[in-house]
Amino acid sequence: MPRPKIAFVASPVPIAQNALRALAAKHGDVPQDEADVIVALGGDGFMLQTLHATQGLDVPVYGMNRGTVGFLMNEYHADDLQTRLDEAEEEVINPLTMTALTVDGAMHEALAINEVSLLRAGPQAAKLRITVDGKLRMNELVCDGALVATPAGSTAYNYSAHGPILPIGSDVLALTAMAAFRPRRWRGALLPKRAVVRFDVIDPGKRPVMADADGKSVRNVVSVEIHSEPSIRHRILFDPGHGLEERLIREQFA
């Protein structure tokens, strides 16, 4: 089997940059548009950056953890990379599309691999109206915020907000509230992956809200629409037995 052509990318932290230099010297380093596989060295945040940056390339990404959490990453080993790439298992995930309208009438679009979140941007709780597939589902949610998460992102912010962990491959999205005041103790809902979720901000002047898609923030939103984007496929490689599905199951018994 011919050796795959590898493009290495790394976060700017010294431990990742040192790993990049060592691995590139050993395995070679080609431009991303010539690569058979991209190896990302960093943490989950850098992995998300890499997936967004390479979404136009039909090339799988194999991450090795040179950051902190590393949920989307494999363990770092410098000596057996070729064997691990040959044996790696592929997971395919689709991002969310966020379309946000702001008080000045501007429209903003962004993609999110983990989640799209709405957060209060002032001292008072946000008031949100929730519509799913054109049908009003909640007239008023008073909360610190709410989010829609993919299965891949269900162990990130969603899990911290006490949302459910979703198995990879499930055609489900999680809609989760943060610190819901009314309806009290409402934690959210599970929705079909094909669902279109719309949040309307009630009284945005008095209760400003910001929207965030994987770290891309839009302030002073009046409405946000979210749906899965099946036309974009992110291919992620994991060591056998340590893929996203296994990690999601393991997290629920931690």
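Student: Start with Arg198. Buried, exposed or partly exposed?
Tutor: Partly exposed, because its relative accessibility is 32%. Keep in mind that this is a predicted model.

Student: What does the Arg198 side chain meet in a salt bridge?
Tutor: Asp200. The N to O distance is 2.9 Å.

Student: And Asp200, buried or exposed?
Tutor: Buried, at 16% relative accessibility. The cut-off for buried is under 20%.

Student: How many salt bridges in the whole structure?
Tutor: A search finds 8.

Student: Take Arg235 and Asp58. What is the N to O distance there?
Tutor: 3.2 Å, between the two side chains.

Student: Where do the two residues lie?
Tutor: Arg235 is in strand 17, residues 234–238. Asp58 is in the loop between helix 2 (44–53) and strand 3 (61–65).

Student: Is Arg235 buried or exposed?
Tutor: Arg235 is buried, with a relative accessible area of 19%. Asp58 is exposed, at 58%.

Student: Now Arg182. What is its salt-bridge partner?
Tutor: Glu140, at 3.9 Å from N to O. Arg182 sits in the loop between strand 11 (172–178) and strand 12 (188–192), and Glu140 is in strand 9 (residues 135–143). The pair therefore ties together parts that are 42 residues apart in sequence.

Student: What about accessibility for Arg182?
Tutor: Arg182 is partly exposed, with a relative accessible area of 42%. Glu140 is also partly exposed, at 27%.

Student: Stay in strand 9. What does the Asn139 side chain join in a polar contact?
Tutor: The side chain of Arg129, at 3.4 Å. Asn139 is in strand 9 and is partly exposed, with 47% relative accessible area.

Student: Which residues is Asn139 in contact with, beyond its sequence neighbours?
Tutor: Leu128, Arg129 and Ile202, leaving aside neighbours within four places in sequence.

Student: How far apart are Asn139 and Leu23 in space?
Tutor: 54 Å, C-alpha to C-alpha. In sequence they are 116 residues apart.

Student: Change of topic: the largest nonpolar core. How many residues?
Tutor: 32. Met98, Leu128, Phe199 and Val224 have the most contacts inside it.

Student: Which strand gives the most to this core?
Tutor: Strand 8, residues 126–132, with 4 residues. There is also a second, separate core of 20 residues. Ala40, Leu72, Ile93 and Ile113 are among its members.

Student: What does Phe199 touch?
Tutor: Leaving out residues up to four places away in sequence, its contacts include Leu118, Leu128, Ile130, Ala146, Val148 and Leu175. Val222, Val224 and Ile226 are also among them, as are Arg129 and Ser223.

Student: On to strand 3. How many of its residues are buried?
Tutor: 5 of the 5, so strand 3 is largely enclosed by the rest of the structure.

Student: Which residues point which way?
Tutor: Val61, Gly63 and Asn65 point one way from strand 3. Tyr62 and Met64 point the other way.

Student: In what sense does strand 3 pair with strand 2?
Tutor: Parallel, over 5 bridges, with strand 2 spanning residues 37–42. Leu41 stands opposite Met64.

Student: How does the chain cross from strand 2 to strand 3?
Tutor: Through helix 2, in a right-handed β-α-β crossover.

Student: And how many bridges between strand 3 and strand 17?
Tutor: 2, also in the parallel sense. Leu237 in strand 17 is the bridge partner of Tyr62.

Student: Last one: His27. Where is it, and what does its side chain contact?
Tutor: His27 lies in helix 1, residues 14–27. Its side chain makes a polar contact with the side chain of Arg3, at 3.5 Å. His27 is buried, with a relative accessible area of 17%.

Student: Which residues is His27 in contact with?
Tutor: Arg3, Ile6, Phe8, Leu81 and Gln82, leaving aside neighbours within four places in sequence.

Key: Residues numbered from 1 in each chain as written. Predicted model: local features only at pLDDT ≥ 70, side-chain atom pairs only at ≥ 80, totals over all residues. Heavy atoms only, no water. Core = buried A, V, L, I, M, F, W, Y, C linked by side-chain atoms within 4.5 Å. Buried < 20%, exposed > 50% of the residue type's maximum accessible area, 1.4 Å probe, protein only. Contact = heavy atoms within 4.5 Å. Salt bridge = Lys/Arg side-chain N within 4 Å of Asp/Glu carboxyl O. Polar contact = N/O pair within 3.5 Å; in protein donor to acceptor, adjacent residues only side chain to side chain. Pairing = 2+ DSSP bridges. Right-handed = clockwise from strand over helix to strand, strands pointing away.
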